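The following paragraphs lead through a predicted model.

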Amino acid sequence: MDASKLIDGKAFAQGLRARVAAAAAELQARHGFRPGLAVVLVGDDPASQVYVRSKTKATEEAGFHGVEHKLPASTTQAELMALVARLNADPDVHGILVQLPLPAGLDAAAVVATIDPRKDVDGLHAQNVGALWSGAEGLVPCTPLGCVLLLKDRLGQLAGRNAVVIGRSALVGKPIAALLLAENCTVTVAHSRTKDLPAVCRQADILVAAVGRAEMVKGDWVKPGATVIDVGINRVPTPDGKGRLVGDVAFAEAAAVASAITPVPGGVGPMTIACLMRNTLTAACRIKGVPVPAV
Ligand SMILES: Nc1nc(=O)c2c([nH]1)NC[C@@H]1CN(c3ccc(C(=O)N[C@@H](CCC(=O)O)C(=O)O)cc3)C=[N+]21
């Protein structure tokens, strides 16, 4: 494959994190505060622990104030909601992220509804979802924001392009569709009940795969010259037992046809964390009433 086709999310994310860190240093110097992020992890799912660790590392590297709350899987709904209420009231915390999924028995929607919308750096609170779809100011989910930043960096203007999003989750598919619509794309949201999914995908100038099924999108689903964003992170078994990460797109096949494509790992994943830092910076500035720096 021609290396210039690769959309290097890892490199873009590094640059974004450096710009966020510089903006945070400037805020400290001029206004005397640091953005603060609280990450809440309930239970001991190993994958979640890895993500939370990389979020904490990014928080430190950005020069933010970071707090990590690790709660046992036996935590009750009331205890979790009480922690969120404390974080809502904490003046040093501007962003609250409750790692999902929560252990069985806990109601994620009720927890999200408790988060102060101004501190909802995941953009999942109904107020932020409404703001996204109505064009009002709010906070946008990190993974969708990362996808659109990569697309604009590669393509410039997105207006008028046909975008097909496969997947309609609240965390990824729906918000990506909203963001692409706001960029004046013609957006189709495809899903498990879509008829002739390959033919729908072949219409896409921008194809976003967010289904959570390893290598489902084949090379002949991709229109020649299309830009492919692979949001999937699937661990598949290997003979050595370690497993490897693949996306929702059959990468080699798709890369042969596309003009640009994100790899897995090293594509959208690192952008998610960089955008979490960006959202925390935005949330902190709005709460403090100072201008939000462009990063
Ligand atoms: N409330 C909430 N918000 C989230 O944003 C959220 C969440 N819960 N739960 C779990 C998922 C997953 N997630 C990822 C973040 C970074 C990478 C990432 O950096 N991946 C790297 C490395 C992957 C690896 O090596 O394991 C890559 O794709 O290159 C992946 C996945 C955020 N999530």
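Asn184 has 12 other C-beta atoms within 10 Å and is therefore exposed, since a residue counts as exposed if 12 or fewer such atoms lie within that distance. Its place is the loop between helix H7 (173-182) and strand S5 (186-190). The phi of Asn184 is near 70 degrees, a positive value in a residue other than glycine. Most residues other than glycine have a negative phi.

Asp196 also has a positive phi, of about 50 degrees, although it is not a glycine. This residue is found in the loop between S5 and helix H8 (197-201). With 9 other C-beta atoms within 10 Å, Asp196 is exposed.

Both residues belong to a span that UniProt, in an unreviewed entry, lists as "domain: Tetrahydrofolate dehydrogenase/cyclohydrolase NAD(P)-binding", residues 141-286. In the model this span is 38% helix and 18% strand, and its end C-alpha atoms lie 17 Å apart. The unreviewed entry also places "domain: Tetrahydrofolate dehydrogenase/cyclohydrolase catalytic" at residues 7-122. Here the end C-alpha atoms lie 24 Å apart, and the span is 51% helix and 16% strand.

Helix H3 covers residues 77-89. At 1.5 Å a residue, its 13 residues should span 18 Å, and the 19 Å between its end C-alpha atoms agrees with this. Leu80, Leu83, Val84 and Leu87 of H3 are buried. Seen down the helix axis, the buried residues fall within an arc of 100 degrees, so they line one face of H3. The face turned away from that buried side carries the exposed residues Ala78, Ala82, Arg86 and Ala89.

Two peptide bonds deserve a look. Most peptide bonds are trans. The bond from Leu100 to Pro101 is cis, with omega near 0 degrees, and Pro101 is found in the loop between S3 and helix H4 (108-114). The bond from Val264 to Pro265 is cis as well, with omega near -5 degrees. Pro265 lies in the loop between strand S10 (260-261) and H10.

Which residues are closest to the ligand? They are Leu100, Pro265, Gly266, Gly269 and Thr272, out of 17 residues that surround it. By class, the shell has 11 nonpolar, 5 polar and 1 charged residues. Helix H2 (46-61), strand S3 (95-98) and helix H10 (268-288) each supply at least two residues of the shell, and H10 gives the most, with 4 residues. Domain 1 (31-116) and domain 2 (142-269) each contribute at least three residues to the shell around the ligand.

Key:
Residues are numbered from 1 along each chain as its sequence is written. This is a predicted model: local features need pLDDT of at least 70, side-chain atom pairs count only at pLDDT 80 or more; totals for chains, interfaces and linings use all residues. UniProt positions are given in the numbering used here, feature names are shortened, and annotations may be inferred rather than shown by experiment. A residue is near a molecule or strand if its C-beta atom, placed from the backbone, lies within 6 Å of it. Ala, Val, Leu, Ile, Met, Phe, Trp, Tyr, Cys and Pro count as nonpolar, Asp, Glu, Lys and Arg as charged, and the others, Gly among them, as polar. Domain bounds come from an automatic or database domain assignment. The expected span of a helix is 1.5 Å times one less than its number of residues. A residue is buried if 20 or more other C-beta atoms lie within 10 Å of its own, exposed if 12 or fewer, and partly exposed in between; C-beta atoms are placed from the backbone. The arc is that of the directions from the helix axis to the C-beta atoms.
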